[in-house]
Amino acid sequence: MQLSHIQEFVHQKMDGDVTGHDYWHAQRVVNLAVGLYQQEQIQDEIDNQEMLILAAYLHDTIDDKLVGDPNQAIVEVKSLLGQEGISEVNQAEILYIIEHMSFSANLGQKQPLSLVGQCVQDADRLDAIGAIGIARAFAYGGAHKQVIYDPEIQPIEIQDKSAYRNHPSTSINHFYEKLLKLKDLMNTQAGRHEAIRRTDYMQKFLQEFKDEIV
Ligand code: ADP
Ligand code: NI
């Protein structure tokens, strides 16, 4: 397996994205996931770090927000992994993780994930919160023509994927609808610890935002 081939594929799929899902989001998720996995690995009988790195790089390349045809994207990911000599079993595990780890896929029913999957999911959630999470939320909001803040639109309790994607919201409401909740959904201890720290930072930002409205 040559990592540069995977990185090229991710560049090709994600470069130019202005919704917070660019190549460097994938790279940060790789770095965070490796850190979490190394702290948790004692529980994993065999070293699955290569699989973890692949799943982290590829996690958004089949997302319907980014690619026009997710089924076609899955075919491309499988073919890439095959060319890189990844076994059928590991290909299936990587595909399973990236198809089941998203916030929306877990609304209503939590999807079971391996330790590798749990670390990649935690890493993706960490990149959605804290200072980076704040930047990404407003970038996403702007790209989707969503207003920053509107005192007449209240946050709602998100129950399912279609409500999550389709209800009229604001970027500030997105913190209450999703981002502040992520710390309680973390799988790993190290991930939870970092999520609490990043959430404190978002709370301070939201307080300051409110205080500035006169
Ligand atoms: P997942 O891929 O886990 O289902 P999303 O793709 O919906 O989650 O969200 C990815 C990131 O995009 C979020 O963490 C957030 O930063 C941003 N995002 C998604 N929906 C919104 C929204 N309505 N307003 C602002 N940011 C959003
Ligand atoms: Ni992601």
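## A nonpolar surface patch

Patches are made of residues with over 30% relative accessible area and no salt bridge, like charges being joined within 9 Å and nonpolar side chains (Val, Leu, Ile, Met, Phe, Trp, Tyr) within 5 Å; a salt bridge is a side-chain nitrogen of Lys or Arg within 4 Å of a carboxyl oxygen of Asp or Glu. In this predicted model, local features need pLDDT of at least 70 and side-chain atom pairs count only at pLDDT 80 or more, while totals for chains, interfaces and linings use all residues. Residues are numbered from 1 along each chain as its sequence is written, chains are lettered from A and ligands numbered from 1 in the order in which they are written, and side-chain values use heavy atoms, with hydrogens and water left out.

Ile148, Tyr149 and Ile213 make a nonpolar surface patch of about 280 Å² (accessible areas come from the Shrake-Rupley method with a 1.4 Å probe, and for residues only the protein chains shown count as cover). Ile148 is found in the loop between α7 (130–143) and α8 (161–166), where helices (H or I, at least four residues) are DSSP runs numbered from the N terminus. With a relative accessible area of 48%, Ile148 is partly exposed, a class that lies between buried (under 20%) and exposed (over 50%), judged with a 1.4 Å probe and protein chains only.

## Helix α7

The 14 residues of α7 should span 20 Å at 1.5 Å a residue, and its end C-alpha atoms are 20 Å apart, which agrees; the expected span is 1.5 Å times one less than the number of residues. Gly130, Gly133, Ile134, Arg136, Ala137 and Gly141 are buried in α7, and their cover includes α2 (23–40), α9 (171–177) and α10 (189–211). After α7 comes Lys145, which has a positive phi near 55°.

## Helix α4

Helix α4 (residues 70–83) has buried residues at Ala73, Ile74, Val77, Leu80 and Leu81. Seen down the axis of α4, these buried residues fall within an arc of 125° and so line one face of the helix, the arc being that of the directions from the helix axis to the C-beta atoms. They pack against α1 (3–14), α3 (49–58) and α5 (88–100), with contact meaning heavy atoms within 4.5 Å, whereas Asn71, Val75 and Gln83 are exposed on the other side of α4.

## His100 in helix α5

His100 lies in helix α5 and, at 21% relative accessibility, counts as partly exposed. Leaving aside residues up to four places away in sequence, His100 touches Ala105, Asn106, Gln111 and Leu113. His100 and Pro112 are 12 residues apart in sequence and 8.3 Å apart in space, C-alpha to C-alpha.

Note on methods. Helices (H or I, at least four residues) and strands (E, at least two) are DSSP runs, numbered from the N terminus.
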